[in-house]
Amino acid sequence: LDAFLIEPSEIDDIATDTRLAGVNLQYRFANTDAAFTYFYVPESESIYRTPDGRQLPREGLRTFNPSLSMTKLLGLDGSWIKAEYAYQDHEHFDMSAHAGYVWVGYQAKKYSWRPALSYRWSIFTGDKPDTQTFERFDPLFSGGLGNFLPGIVFSKVYKNANLITNRATFSIKPADTLEFSLDYFHHRADDVNNLGGIGPLQTLASKDIGQEVTLTAFHYIGKHLFLQGIGSVGIPGEAIDAAVGGDADNWYTLQAALYFFF
């Protein structure tokens, strides 16, 4: 059981002065991890906007977040499943936002190169303009390239709100110190109202956001060095094509990073 009070480190020019307070309860038994997290926003200068012109404060946001992970499903070694859900409401106005994912995978540990395959479906609700209830999920400070960002390319223009993603991953480990993974993402919006997104994507002409394919390599070089290489292509969908007035070119990311550990 943990309790926490967090003051995120933000860039001064765009700081929201948001604070988070909450508790986390986690329990492990057999091949299962279960957890429940609650957190509350006691302070924030950030606001939400609605199509009817309202400006709603982030301050007062409450998030309820159960999660579950299991390994060795039905006795099958190498199999696993993770599921997580988050519900958000607010102490000052009518809010009902949801997020969640189901992620299932299998690694053939008995075979050379230990091939692994996984699939994840995730949703972060958007705000429906024909209701008075605010329904856009607030991802707050979500990050983590391997788990929660919607791809290294699309995460630069679209965050985990008003988004439904299908993700498939295939990976191999030719050696204990070397791993390659190939990810495919397919993104759709939950609603065409996307107030809170970047400028040209405030209102969408389509729910088709785009697709992304990413190849990642991990290599441990001895005890203190870790090399990561990433190549990714983002293929804009109809919503982004319309937002820029025509066909948008594909977007590319190439990255190499060397990490040193003490």
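Predicted model: local features only at pLDDT ≥ 70, side-chain atom pairs only at ≥ 80, totals over all residues.
**Burial and overall build**

I started with burial: 40% of the 262 residues of the protein count as buried.

Next I looked up the secondary structure and found 14 strands and 1 helix. I then checked the overall dimensions, and the C-alpha trace spans about 60 × 50 × 40 Å along its principal axes. The radius of gyration is 20 Å, which agrees with the value near 18 Å that a compact globule of 262 residues would have.

Of the contacts between residues at least 6 apart in sequence, 53% join residues at least 24 apart.

**Surface and charge**

I got about 14600 Å² for the accessible surface, with 59% of that belonging to carbon and sulfur atoms.

I followed S3 (residues 32-43) through its pairings. S2 (residues 19-29) runs antiparallel to S3, and 10 bridges join the two. One pair I wrote down here is Asn 24 with its bridge partner Thr 37 in S3. The hairpin of S2 and S3 has 2 residues between the strands, and I noticed that Ala 30 there takes a positive phi near 50°.

S3 also pairs with S6 (residues 61-71), again antiparallel, this time through 9 bridges. For this pairing I noted Phe 39, whose bridge partner in S6 is Thr 63.

**Arg 58**

Leaving out residues up to four places away in sequence, I listed what Arg 58 touches: Thr 16, Thr 18, Val 41, Ser 44, Ser 46, Ile 47, Tyr 48, His 90, Asp 138, Leu 140 and Phe 141.

His 98 sits in S8 (residues 97-107), and at 28% relative accessibility I put it down as partly exposed. Beyond its neighbours within four places in sequence, its contacts include Tyr 85, Ala 86 and Tyr 87, as well as Ile 123, Phe 124 and Thr 125. Phe 137 is in contact with His 98 too. I also took a distance to Asn 166: the two are 68 residues apart in sequence, and their C-alpha atoms are 17 Å apart in space.

Then I moved to Gly 231 in S13 (residues 225-236). Gly 231 is partly exposed, at 22% relative accessibility. What does Gly 231 contact, leaving aside its neighbours within four places in sequence? I found Val 213, Thr 214, Leu 215, Thr 253 and Leu 254. From Gly 231 to Pro 42, 189 residues away along the chain, the C-alpha separation is 40 Å.

**Positive phi in loops**

Lys 72 isn't a glycine, yet it has a positive phi of about 55°. I located Lys 72 in the loop between S6 and S7 (79-90), and it is partly exposed at 46% relative accessibility.

Asn 162 also has a positive phi, near 55°, in a residue other than glycine. Asn 162 is placed in the loop between S9 (116-124) and S10 (163-175). Its relative accessibility is 0%, so I logged Asn 162 as buried.

Conventions: Residues numbered from 1 in each chain as written. Heavy atoms only, no water. Helix = DSSP H or I, 4+ residues; strand = E, 2+ residues; numbered from the N terminus. Rg over C-alpha atoms; globule rule 2.2 N^0.38 Å. Buried < 20%, exposed > 50% of the residue type's maximum accessible area, 1.4 Å probe, protein only. Contact = heavy atoms within 4.5 Å. Areas by Shrake-Rupley, 256 points an atom, 1.4 Å probe, with all protein chains shown as cover. Pairing = 2+ DSSP bridges.
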